[in-house]
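Thanks for coming, everyone. Please have the sequence and the model open while I talk. I will take the interface, then the ligand, then a few single residues.

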Amino acid sequence: MDLNIIYVLWLRQIRRYYRSGSRLLGTLGQPILLLLALGYGIGAIYRRAGEGNYIQFLVPGVITQTVLLSGIFWGIIILQDKRFGFLSELLVAPVSRLKILIGSALGGATISILQGILVFAIAFVFGFRPYHWINVPLAFAILVFMCLALTSFGAGIASSVDDFQGFQGINNLIVLPMFFLSGALYPLNNVPTFLKIITTINPVSYMVDSLRFLLANQTHFGLGKDLIVMSITFVVAIAFAVDRFNKVQM
Amino acid sequence: MSEIILSAKDVVKKFGNITAVDGISFDVKKGEIFAFLGPNGAGKSTTIKMLTTMLRPTSGLLKLAGHDVTTERDSARKSFGIVFQDPSLDEELSAVENMELHATLYRIPKKEQPQRIEEMLKLVELWDRKGSLIKTFSGGMRRRLEIARGLLHEPKVLFLDEPTLGLDTQTRNTMWRYVKKLSQEKGMTIFFTTHYLDEAEDVAETIAIIDHGKIVARGTTEELCKQTETKSLEEAYLKLTGKEIREESTNNDGLNFKMSLRNSRLR
Ligand SMILES: Nc1ncnc2c1ncn2[C@@H]1O[C@H](COP(=O)(O)OP(=O)(O)OP(=O)(O)O)[C@@H](O)[C@H]1O
Ligand SMILES: [Mg+2]
């Protein structure tokens with residue numbers, strides 16, 4: 001019976017998503033822009049520097065960026081629910097907050113996964129080809145894992161802030177740096193020490209690295225380390241979301 | 001027929017150093033229509049939020065349908081329906097989708113859902129708009145849908161926090177007709193807040209006047225007039241809350257109160 005509850009909360013997220021066509025376009029616009037501007041713009045220099053095919057290198061980074069933004073921005077729905085009152089309806093129902101969070105976050109994660117897959121498909125137009133097709137299912141599994149962690153993170157942030165400005169601030173202060181300082185766009189081999197330190201403590205670097213290993217056969221940290229860091233991130237993100245969501249008051 | 005379904009005993013709620021509710025006690029009988037009447041900031045919503053498990057009281061005891069509201073939240077939650085002061089529908093969903101979500105959250109069996117939803121939507125005359133998204137609804141339609149939703153799981157107690165705020169006179173009247181009918185036909189207890197005097201007088205069997213977090217008087221209109229030696233609820237209210245002073249001031253309280261006075265005179 002309670003699976004029903006999780007299902008309807010999930011369904012609500014999906015319905016809201018396919019009804020807002022602009023959100024889909026908005027979130028796919030960025031990856032396409034990145035592939036165009038960087039893929040073609042920097043690709044030539046990259047190859048001349050002897051680093052190989054930049055599109056192959058870039059696509060795992062762009063997929064990560066897409067699910068990072070989509071996961072965290074999904075948190076805006078929780079914020080909207082809080083600001084526009086629907087959260088009252090949910091919180092007063094005879095259902096535990098954990099179930100409300102699980103159902104909703106699964107919906108958010110599903111949307112992120114779909115977007116990740118879409119970007120993967122779009123990348124083919126830009127000449128991207130997975131190194132080994134055999135690794136693609138594993139990359140998909142990692143994508144799911146990442147989306148769950150990032151959506152939880154988004155839910156935690158949204159539960160902690162009270163308005164959209166606050167959310168925007170967090171985005172500029174945390175999310176964008178997490179993306180730009182992650183090795184999504186450039187190799188980490190020859191970066192200055194301070195950047196190396198930041199990228200090493202940034203969990204997003206490991207997400208990018210794992211996808212890059214599975215899709216383009218290139219790695220900086222090694223898949224083992226990637227998986228360990230991602231598992232820790234996953235647990236922390238979920239604990240963060242549960243804790244913050246439990247404290248939300250209307 | 002004097003079973004107590006709702007009771008508060010010495011309930012206090014503090015927000016930091018603001019005391020929003022300052023030691024209130026009351027009982028509501030099963031099937032009764034009970035009004036909480038008071039000016040802005042009196043503590044009406046805070047009381048409803050505590051009764052409906054949204055806020056924990058700082059101290060005191062709250063009981064609803066035999067359940068301690070703070071310790072038996074889920075059982076308490078199944079026993080009431082609520083229409084919040086602020087909107088609480090999902091704008092991106094249709095009327096039916098909002099109702100279905102509610103039905104599942106309250107564990108109404110899937111088989112019974114369509115029929116009950118149809119019945120409720122027909123009751124509030126929204127059946128022909130069942131597929132429309134809420135963002136295309138007017139304020140009055142939203143309010144009616146919220147009422148239908150609050151009733152969907154057949155609660156023992158229905159809380160209405162300023163349910164008619166922003167509704168036109170016709171919609172207000174129809175809404176109260178439904179609510180009275182439900183109270184009569186199903187023996188449902190209604191607890192509502194308002195700062196419209198006429199509403200309290202016309203609809204409620206018992207009125208509690210709340211000001212600065214305290215219940216300053218309670219009873220039927222006649223009892224309140226008798227207690228205060230006045231001739232109308234309006235006079236009794238003014239005498240009890242001393243709002244003629246606040247009415248002169250330019251703050252929000254005064255403004256709203258003027259509006260509510262005007263409203264009560266319109267009758
Ligand atoms: N979350 C909160 N934090 C701090 N103060 C609060 C909070 N909620 C309510 N208050 C304060 O408690 C007091 C009572 O507020 P409440 O909302 O219960 O009034 P009300 O009687 O419902 O008024 P209105 O007619 O305007 O809806 C007010 O002084 C309000 O500022
Ligand atoms: Mg209020």
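Let's start where chain B meets chain A. Across that interface, eleven residue pairs are in polar contact, both partners at pLDDT 80 or more. A polar contact is a pair of N or O atoms within 3.5 Å; within protein, one must be able to donate a hydrogen and the other to accept it, and residues adjacent in sequence count only if both atoms are side-chain atoms.

Which parts of chain B each supply at least two residues to the side that touches chain A? They are helix 2 (73-79), strand 6 (80-83) and helix 3 (95-105). Helix 3 of chain B gives the most, with seven residues. Helices (H or I, at least four residues) and strands (E, at least two) are DSSP runs, numbered from the N terminus. By class, this side of chain B has 13 nonpolar, seven polar and ten charged residues. Here Ala, Val, Leu, Ile, Met, Phe, Trp, Tyr, Cys and Pro count as nonpolar, Asp, Glu, Lys and Arg as charged, and the others, Gly among them, as polar.

A word on the source. This is a predicted model: local features need pLDDT of at least 70, side-chain atom pairs count only at pLDDT 80 or more, and totals for chains, interfaces and linings use all residues. Residues are numbered from 1 along each chain as its sequence is written, chains are lettered from A and ligands numbered from 1 in the order in which they are written, and side-chain values use heavy atoms, with hydrogens and water left out.

Back to the interface. Chain B brings 30 residues to the contact and chain A brings 24, where contact means heavy atoms within 4.5 Å. Together they bury about 2400 Å², 60% of it on carbon and sulfur atoms. Met54(B), Leu105(B) and Arg107(B) supply 26% of the area that chain B buries against chain A, more than any other three residues. Buried area is the accessible area (1.4 Å probe) that two parts lose on being put together, summed over both.

Now charges. Six salt bridges cross the interface of chain B and chain A. The rule is a side-chain nitrogen of Lys or Arg within 4 Å of a carboxyl oxygen of Asp or Glu. Arg107(B) forms a salt bridge with Asp2(A), at 3.2 Å from N to O. Asp2(A) also meets Lys99(A) in a salt bridge, at 2.5 Å. Asp2(A) sits in helix 1 (residues 2-19) of chain A and Lys99(A) in helix 6 (residues 97-125) of chain A, so this pair ties together parts that are 97 residues apart in sequence.

Next, ligand 1. Which residues come nearest? Of the 13 around ligand 1, they are Asn40(B), Gly41(B), Lys44(B), Ser45(B) and Thr46(B). Near means that a heavy atom of the residue lies within 4 Å. Polar side-chain atoms of Asn40(B) and Ser45(B) each lie 2.8 Å from an oxygen atom of ligand 1. For Glu162(B), that distance is 2.9 Å. Helix 1 (residues 44-51) of chain B gives the most to the shell, with three residues.

Last, Glu162(B) again. Its phi is positive, about 45 degrees, although it is not a glycine. Glu162(B) lies in the loop between strand 7 (157-161) and helix 6 (169-186) of chain B.
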